[in-house]
Structures are given as C-alpha cells and as structure tokens.
Amino acid sequence: MFTEMSLPPFTSRVYQITVEGKIAASWSDWLGGLQLATRKEADDMIVTTLTGVLTDQAALRGVLNRLWDLNLILRSVQQVDPATISNVE
C-alpha cells in the first residue's frame, strides 16, 4: 500500500539503528559518522545503537550494508525526531 510521505526522498533524516554486538567508537567514520553507544541489556546481551543524520536513502543503505558485512544482527531501524535525541548534528 502506497502512503504519501511528508518529506522528499533526498532529505536528510535522523536515524537510530540498533544491532546486537559491540562496535568500537573508532568505527564511527566508516559507519557514516553516526554516534555509537554500547550497552549491556538485562539478559547480558551487548547491543550498539547508532544515531545520527543520514543524507538520503542511499546513505542509509550504505550503513546497513556495512553492518551486514560485519555480520551483526539488526534489531531495529527507526527514523526519529531530532528533538528527542541529544547531541545529534
């Protein structure tokens, strides 16, 4: 089902991507300049959340491909309101 979008496809958007496993902060540039935050969940699972601005769908796809190349399990991909995230460019 097609839904009308409020933003054109080439508009920068803020994304939050969560994967299982730890990604060192030094990989940020290779992952589109996204901020990386790692945490341990109650079940001792380590997860990393990548947050930041991506210029378009191609940039999002590039980050997702790199996460795939690292064999990380994708938990979620969300477009988020920039006002709800602190320290985002």
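Reader: Contact means heavy atoms within 4.5 Å; which residues does Glu41 touch, not counting residues up to four places away in sequence?

Author: With those sequence neighbours left out, Glu41 touches Val47 and Arg75. The model is predicted, so local features need pLDDT of at least 70 and side-chain atom pairs 80 or more, while totals for chains, interfaces and linings use all residues. Numbering starts from 1 along each chain as its sequence is written, and side-chain values use heavy atoms, without hydrogens or water.

Reader: Where is Glu41 found?

Author: Glu41 is found in the loop that lies between S2 and S3.

Reader: How many helices and strands are there in the chain?

Author: The chain has one helix and four strands. These are DSSP runs numbered from the N terminus (helices H or I, at least four residues; strands E, at least two).

Reader: And what pattern does the chain follow along the sequence?

Author: Read in sequence, the pattern is β-β-β-α-β.

Reader: In what order do the strands form the sheet?

Author: The four strands form an open sheet in the order S2-S3-S1-S4, with antiparallel pairing. Strands pair if DSSP finds at least two bridges between them.

Reader: Which strands stand at the edges?

Author: The edges are taken by strand S2, residues 35-40, and strand S4, residues 73-80. Each of these has a single partner strand, so one side of each is left without a neighbour in the sheet.

Reader: How many bridges join S1 to S3?

Author: There are eight bridges between strand S1 (residues 13-20) and S3, and the two strands run antiparallel. As one example from this structure, the bridge partner of Glu20 in S3 is Val47. Val47 is also touched by Glu41.

Reader: Changing topic: what is the place of Thr49?

Author: Thr49 belongs to strand S3, which covers residues 46-54.

Reader: Is Thr49 buried or exposed?

Author: Thr49 is buried, because its relative accessible area is 11% (buried is under 20%, exposed over 50%, partly exposed in between; 1.4 Å probe, protein chains only).

Reader: Which residues does Thr49 touch?

Author: Leaving out residues up to four places away in sequence, Thr49 touches Gln16, Ile17 and Thr18, together with Gln35, Leu36, Ala37 and Arg39.

Reader: How much of the whole chain do buried residues make up?

Author: Of the 89 residues in the chain, 27% are buried.

Reader: What about contacts between residues at least 24 apart?

Author: Taking contacts in the chain between residues at least 6 apart in sequence, 69% join residues at least 24 apart.

Note on methods
Contact means heavy atoms within 4.5 Å.
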